[in-house]
Structure formats: structure tokens, C-alpha cells
Number of protein chains: 2
Amino acid sequence: MPCRFAVLAGGIGASRFLQGLIRAVPAADITVVGNTGDDFELHGLSVSPDLDTVTYTLAGWADPERGWGIAGDTFRCLETLGKFTGQTWFQLGDRDLATHIYRSSLLRGGFPLSEVTARIVRALGVQSSILPMSDQRVRTWIETPAERLDFQTYFVKHKAQDEIRGIEFVGADNATPAPGVLEVIAAAEAVILAPSNPIISIGPILAVPGVREALAETSAQVAAVTPIVAGRALKGPAARMMEALGHESSALGVARIYRDFLDVLILDEQDRHLTPSIENLGVRTVVTNTIMSDLARKESLARAVLEAVAR
Amino acid sequence: MPCRFAVLAGGIGASRFLQGLIRAVPAADITVVGNTGDDFELHGLSVSPDLDTVTYTLAGWADPERGWGIAGDTFRCLETLGKFTGQTWFQLGDRDLATHIYRSSLLRGGFPLSEVTARIVRALGVQSSILPMSDQRVRTWIETPAERLDFQTYFVKHKAQDEIRGIEFVGADNATPAPGVLEVIAAAEAVILAPSNPIISIGPILAVPGVREALAETSAQVAAVTPIVAGRALKGPAARMMEALGHESSALGVARIYRDFLDVLILDEQDRHLTPSIENLGVRTVVTNTIMSDLARKESLARAVLEAVAR
């Protein structure tokens, strides 16, 4: 599989980064390895939120404001489903539902998720490749003081408000990387960890046996863009999660999580003071503006990453 | 199950009749026994077109112009599904899809179709009961000169244009009536065969072992409204189908198909000349205006049927 750039990706943060990356390199040169720990079943349909966010982004279908779903989508089916099930907390748009209906039908027909994802990607005219981290089921569960929650219940239904006592990637121990995952990590010019949540977006990918080892062993440069800037997550619960699990909520904390395989960390100007501590870990640093506030910023961040990994 | 009126029903013709009937008697006094021979799977979803047409009609959701689907429905999911599957010949609206998603989910969970249908009916606030003819799978197949077609391919995709060599209700021999079907036929004040296609709408119901016998044995009056007027079907391929299978395409032909259990046939003024031949079969006749061109006509037809079955 010819792939110059392998990108390990969660959902929203990764999509913003990819919007910039496809302006800097041909989309066909990119293979995304996507998180499936957030996948779940709703109304009998198999939903893969992170894979879809990336796919819709690369297809030019994404809703840039919301960060999930399809721009301009309507919710008429969901309204009616609510009459039957009372369950409307997870927003499934009418066009978005087509993806879930199609995926569910193929999965029930015995197709692996990697093949299903490839068909969706092709149908939407996406030039990049998108691989799920595994064809086996891996599910992120969140331990809270009161109960153990599946990821979407924690994240969407409970709005990520519960205190976190622990996180488990159920099924990861017995999962294998999807076809192509280890190969692209080994053969890429560079591997880029998108500015996604290190715990619950990149974490499940790293939990699939063989992935972390492949990152350590690849001759490619491995770069990460920290999603934590000035101690805070740009979006979502990453900072609180890192703290809850005993990590420092900073670019340094991110570098420590990735230190066994990371060559270079791209961090924000605001965190320039952290570079000595990070470099002490054996990780190079590149300081730039990592706040992706518009398309130009997204592209310049992508170019900074490409420069950092260029030999 | 308290049921004054049992109505054997296909799709569009039955729905028009039921629109009149619920204006003449309380909806809660009606139990519909619906055809499931048209059911099929599309995009991995279980679709029950006739049950849904009746349900949407009784819920006040039906599209009165088209005769199928939900009034004002949109087709955004289907458009997107078309990108994945290329299959858009069967129109599934966004709100309509919610019914199929919900039904499919429950069926896969092991619920019988009768229970699933009851839940849909309740959720939409329908006061009548709607029973599938059977919880087992019965499928109508059409033999054409070129090939054997499942019903929806023949009817919707091929627009009912193929010549018919034969019709088979696959699975009927081993099916049993759904819970309540034989009971309502036995206990009703009257059983009414709606003006549906005798071959492929009422035919599958009669093909479920025990139904025909129950109609012959019930102490209820059994009435039918002929869907053939002046030798032609008001809608759909009923007349051509009857001829292709060796029946006379007329109210007399309809009476012959039902003669073993029918007490009274309601036929149109235009067919008054057929009454002696029909009465010779031992079937009483009531002549009225059976063309349901507006709501008032639908109600007056319903009242004529109720009068015909009144003791």
C-alpha cells in the first residue's frame, strides 16, 4: 500500500488537522488509522463516530461548526425514531443515517469493518485511505464514581461531566490491527499522531497489540501534535482525563505518554517553556502556532509538521 | 381480544376503505389482519409495506395522494444510500425509515412481527389493532416469462409490467396465523375483506393454513368489497393478474375466489347485471357506489358494508 503519511486519528481534532494536511500534500498520499473505541450500536445500527467524522471531513461533507455529522443534515428520521424508542440523545442526521444503515448491512453480511470503511470512503470520493485500527470490536468504557459507562453514554448522553476513575479498552487485548495498519506504520515516510485526545482517541489505537511496537520500530519519523495547549484541551475532556489518570495536563504530559516511540512533538508557542523538559525525554520539539482557528492556520500547522518530519 | 370488526387488508385499497370505516365505527372496534407477503429486506432493513400503509393511514400519517409512505416525508437518507448502493427504486422516506429501523432492530432482537407491529401501532397512537397474518415469513413470488421475481421487484422496480405465469406464496404452507388472527375471525361481529387485490393482497392471508377454514366456520358475517369494477381494477394489476391466473376479471370472478366462505359481496352500480350470477354462487349481493373518490364516498361505502353485515 503506497502511503507517504500515516495519520493516527480520533474525531474532531484529527479532522481539523486533516483539513490542513490535504491542502499541503495530495490526499492520496495519506492513510488515516482511525479510532473505533467510540463505536457503538444504536437503534440496531452500527455507528463509528470517529471514522465517519474523518471520512466526512475528507469528503468535504463535514459540518465545520459542529465537528460531527454532515453539513446541512436534517433529523427527521431521528424525530420519528424518538416516538418509538424515546432515544434521541445521540444525533443521527438523515444523510448520516445512510452511512450507518449501509455499514450495518455489510457488517451483518460478514464484511470486516476495514472493507466496509473502504467502500464508504470510495463511495464518497475520498482519495485518502481510512483504516479502522482493528476489525475486532474494541470498546472504550469509563469508570465513574457511580457506574461504568460506555463511551458514548459518558461523552454524549452525560456530556462528559462524570468524574473519571478509570478507562478500559474492552476487547483490545484480543484485537489485532486491521489489515494495512502495521504495514503503513512501517512503510510511511512519516507517522503523525493528530491533535486528538491521547487517552480516549489515540489511546485505543495504541492499545491494539502490535501498534505501539510498530511505532517504536518504524524507520519513519513519528510526530505528534499536542492537543493540550497551556494546560488545557482545545476541545473536549482531554485535560481532565489526563489529570484523573495521573498524567500532567500539558504538552509535557502528552510527550510522556508517547515517549517510547515519539521522535518529535509539535507544541504551541504558549508552551515554549516546556521544550527543555520534553527534549530531556529524548523527544525533539517544534514550536509553532497550533491553534487551528481557520483554514490558513490548519494548513500552516500541517506544513510545520511536514517540515518537522522531513529528513 | 374484543373486536367487533375484523378487516383483512392489503395496502392502498384497504387503507382507503379503512379511512371510511373509522368514520363509521370507533377505531378501537377494528382489528386489521394485514398481508405480509409483500414484506422484504432492503439495505438490511425489514420493510412491511402493507402493514405500514395501514398503520400510517390509521395514524393519520399517510400520504393521501401517493397511497404509500408518510405525508410530507423527505428522502435525504435514501439519496445518500443511493451513493453507497445504487438502489433507490424503492422509495423510503426519512420518517418512514424510522419505522423500518425500529422494526428491524426488534426483529433481530427476537421479537415476533406481531409484537413489533403492536408496538409501532401503539407508538403512533393508533386505536385499532393491526395483526400481521403470520409471524413466520411468507413471501410472494411472481413467475414471469423471463424470471421469477420477488414481489417488490415485480411490483415497484418493474412497475408490474411483466406478464404473469404464476404466483407462489413461499413459506405459506409452513406458516401459522399470528396470535389473535383466528380468534378475531371467530369472535368478530363481522369479517370484512377490504377492496384489495384478491390474488396478491388477500391471497397470501388466505394461504396461511387455518385462515380460510376460520372464515368458513365463523358465525360472523363475512363480507367482501370487490376491487374490480366494470372488469377493471381501480388501481394496480389485479385485473390482469386475475386473467393471467384463469379467473374472470370481474366482481363475479372475485365472488368465485371467495365463494367457500363469503356471505355477501359489495359491488358497484356498474356491475349490477352480475348480481344474479353471484347470488347463484350462494353469495348475497349489495349494490352501491364503491368508487372511493373522496372521504364522504369512503364513509358511505363503509356504512353500506356495515349495513350489509348487520343482523
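Is A:Trp89 buried, exposed or partly exposed? A:Trp89 is partly exposed, at a relative accessible area of 21%; buried is under 20%, exposed is over 50% and partly exposed is in between, with a 1.4 Å probe and protein chains only.

Some housekeeping. This is a predicted model, where local features need pLDDT of at least 70, side-chain atom pairs count only at pLDDT 80 or more, and totals for chains, interfaces and linings use all residues. Residues are numbered from 1 along each chain as its sequence is written, chains are lettered from A and ligands numbered from 1 in the order in which they are written, and side-chain values use heavy atoms, with hydrogens and water left out.

Aromatic rings next. Rings of Phe, Tyr and Trp (its six-membered ring) pair if their centres lie within 6.5 Å, with planes under 30 degrees apart called stacked, over 60 edge-to-face and the rest tilted. Over all chains that rule gives 16 aromatic pairs. In one of them, A:Trp89 and A:Phe90, the ring centres are 6.0 Å apart and the planes stand at 90°, so this pair is edge-to-face. A:Phe90 is buried, at 11% relative accessible area. The tilted case is A:Phe151 with A:Tyr154, where the centres are 6.2 Å apart and the planes are at 50°. Both residues belong to helix 6 of chain A, residues 151-157, and sit three residues apart, about one turn of the helix. Helices here are DSSP runs of H or I with at least four residues, numbered from the N terminus. A:Phe151 is buried at 4%, and A:Tyr154 is buried at 0%. Back at A:Trp89, a single aromatic cluster takes in A:Phe40, A:Trp89 and A:Phe90.

A:Arg66 is over the face of A:Trp68, 4.1 Å from the ring centre, and A:Arg95 is over the face of A:Trp61 at 4.5 Å.

Now the core. A nonpolar core is a set of buried Ala, Val, Leu, Ile, Met, Phe, Trp, Tyr and Cys residues joined through side-chain atoms within 4.5 Å. The largest has 109 residues, and A:Phe17, A:Leu21, B:Phe17 and B:Leu21 touch the most other members. Contact means heavy atoms within 4.5 Å. Beyond its neighbours within four places in sequence, A:Leu21 contacts A:Val7, A:Ile30, A:Ala302 and A:Leu306.

A:Ile185, in helix 7 (residues 181-187), is buried at 0%. Not counting residues up to four places away, A:Ile185 touches A:Val191, A:Val211, A:Ala214, A:Leu215, A:Thr218 and A:Ala220. A:Thr117 is in helix 5 of chain A, residues 113-123, and counts as buried at 4%. Leaving aside neighbours within four places, A:Thr117 contacts A:Leu51, A:Ile130 and A:Pro132.

Last, chain B. Which helix is mostly covered? Helix 2 of chain B, residues 49-59, has eleven of its eleven residues buried. Just after helix 2 of chain B, B:Gly60 has a positive phi of about 75°. The axes of helix 4 (residues 94-108) and helix 5 (residues 113-123) of chain B come within 10 Å and cross at roughly 145°; axes are lines fitted to C-alpha atoms, for helices over the stretch in contact, and angles run from 0 to 180 degrees between N-to-C directions. Residues making that contact include B:Tyr102 and B:Leu106 of helix 4 and B:Val116 and B:Ile120 of helix 5.

Definitions and conventions
Helices (H or I, at least four residues) and strands (E, at least two) are DSSP runs, numbered from the N terminus. A charge sits over a ring if NZ of Lys or CZ of Arg is within 6 Å of the ring centre and within 35 degrees of the ring normal.
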